[in-house]
Amino acid sequence: MHATRRVLAHLAAPAAAALLATLGAAPTASATPSQATAEVCDYICVDGVRAATHTGYDRVVFDLGEGPLPTVEATHSTSSGYDTPGGEPKNLVTPGSSYLFLSLKGAGDGDFTTTNPRVESFNLPTVKASQFLFDTDAILGFSPATDFGITLDGSVSRYNVFTLTQPNRVVVDIYR
């Protein structure tokens, strides 16, 4: 019986000492959890782009942050060429049969190019890719805007561009 008590004492004593040391120790300051750095834009931020196919059309969605919705100018073209704000001619990198160029007026790219690929490929019936082109950010006398190109392949009968809230987004439906 004395042997059993000695074994238990040898096992329990270190655990009890550790517990008492912990309880008696002075409290220490704990590190506060790091908070995600909030994205800052002078205007509403473009946070990401995604796409999906539906019966009769493909949909491209530009997810936006908080703030007033941008106005969107869209142009459909058979050429992949566009001009940068400095007047330099460039082409979309993904080839297609036609292209849709979008200018989101009153929107900034925020950290878009660091958190998203500049070119996002999609394997949809009509939409093949989206490409971040540039952000004017009120430079060179331009209105602040973020521009994108969408590469299309196949026939496009029409397209519809609109904005939605809760959450904020720009939606582009491209009909086959």
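## A buried aspartate and its surroundings

At 0% relative accessibility, D58 counts as buried (under 20% relative accessible area is buried, over 50% exposed, and partly exposed lies in between, using a 1.4 Å probe and protein chains only). Before going on: this is a predicted model, where local features need pLDDT of at least 70, side-chain atom pairs count only at pLDDT 80 or more, and totals for chains, interfaces and linings use all residues. Residues are numbered from 1 along each chain as its sequence is written, and side-chain values use heavy atoms, with hydrogens and water left out.

What does D58 pair with? Its side chain meets that of R176 in a salt bridge, 2.7 Å from N to O. D58 sits in strand β2 and R176 in the segment after β12 (169–175), so the pair ties together parts 118 residues apart in sequence. Strands here are DSSP E runs of at least two residues, numbered from the N terminus. A salt bridge means a side-chain nitrogen of Lys or Arg within 4 Å of a carboxyl oxygen of Asp or Glu, and that rule gives four of them.

| Pair | Closest N to O | Relative accessibility |
|---|---|---|
| E73 and K105 | 4.0 Å | E73 48%, K105 27% |

D173 is in strand β12 and R59 in strand β2, 114 residues apart. E73 belongs to strand β3 (residues 71–77) and K105 to strand β6 (residues 98–105), so that bridge ties together parts 32 residues apart in sequence.

Now for the sheet around β2. Five strands form an open, mixed sheet in the order β7-β1-β2-β12-β11, where strands pair if DSSP finds at least two bridges between them. β7 (107–108) and β11 (158–164) stand at the edges with a single partner strand each, so one side of each has no neighbour in the sheet. Strands β1 (residues 44–54) and β2 (residues 57–64) run antiparallel, joined by eight bridges, and V49 stands opposite F62 in β2.

T126 is another residue to look at, in the loop between β8 and β9. T126 counts as buried, at 1% relative accessibility. Beyond its neighbours within four places in sequence, its contacts (heavy atoms within 4.5 Å) include D58 and R176.

Strand β9 (residues 127–135) has eight of its nine residues buried. Strand β8 (residues 119–121) pairs with β9 in the antiparallel sense over three bridges, and a hairpin of five residues joins the two. β9 also runs antiparallel to β10 (residues 145–152), with seven bridges between them; V127 stands opposite L152 in β10.

Definitions and conventions:
Helices (H or I, at least four residues) and strands (E, at least two) are DSSP runs, numbered from the N terminus.
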